[in-house]
Amino acid sequence: MGFSWAMFSRVLFLLLLLLIFCSSGAEVVTVDVHATKDLINSGHKYLDVRTLEEHKKGHVGADKILNIPYMFNTPEGMVKNPQFLSEVSSACNKEDQLIVGCQGGVRSLSATADLLSAGFKHVRNMGGGYLAWVENGFLVQKPHAEL
């Protein structure tokens with residue numbers, strides 16, 4: 001069994017995530033989708049870090065929701081959004097109560113670690129991502145079908 005470039009890329013990506021997480025100096029708190037729902041209902045902002053395309057297909061139902069991609073799809077694969085922190089800083093202040101979510105929980109973990117390292121005080125990662133949200137039957141907002 002050979003070691004493919006795709007497998008190497010995945011291992012490297014996971015190692016980079018581990019490095020980011022371990023070197024951030026701040027502990028990421030992950031909450032499940034049930035706790036996330038309660039926090040959203042109590043006024044927390046939901047930060048969807050999926051791509052714009054993913055977000056447009058459907059997203060967590062929340063009054064206070066932002067979509068700022070942590071990564072972009074490119075022909076070479078996923079690349080980190082170099083403006084992520086500045087975009088979040090423009091939309092939120094460092095004292096805001098934020099829940100960060102993505103499709104399955106990986107990007108949001110990295111995004112949460114970056115936000116904590118940048119001085120955001122009240123940031124939590126939503127474990128399981130949008131897939132877990134949908135799986136639990138919680139409110140989803142989808143675009144209206146065009147007539």
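Predicted model: local features only at pLDDT ≥ 70, side-chain atom pairs only at ≥ 80, totals over all residues.
1. The residues that line the second largest pocket are K37, I40, N41, G43, H44, G61, A62, D63, K64, W133, F138 and L139. Among the contributors to this lining, helix 2, which covers residues 33-41, gives the most, with 3 residues. The lining also includes G61, A62, D63 and K64, as well as W133, F138 and L139.

2. A separate feature is the pairing of strand 5 (residues 71-74) with strand 6 (residues 77-80). The two strands run antiparallel and are joined by 4 bridges. A hairpin of 2 residues connects strand 5 to strand 6. Within this pairing, T74 is found opposite G77 of strand 6. As a general point, side chains in a regular strand alternate between the two faces of the sheet.

3. On the cysteines, a search of the whole structure returns 0 disulfides. A disulfide is a covalent bond between the sulfur atoms of two cysteines.

4. Are C92 and C102 buried or exposed? C92 has a relative accessible area of 7% and is therefore buried, because buried means under 20% relative accessible area. C102 has a relative accessibility of 1%, so C102 also counts as buried.

Terms used: Residues numbered from 1 in each chain as written. Heavy atoms only, no water. Pairing = 2+ DSSP bridges. 1 Å grid on protein atoms, 1.4 Å probe; cavity = no way out; pocket = protein on both sides within 12 Å on 5 of 7 lines; lining within 4 Å. Disulfide = S-S within 2.5 Å. Buried < 20%, exposed > 50% of the residue type's maximum accessible area, 1.4 Å probe, protein only.
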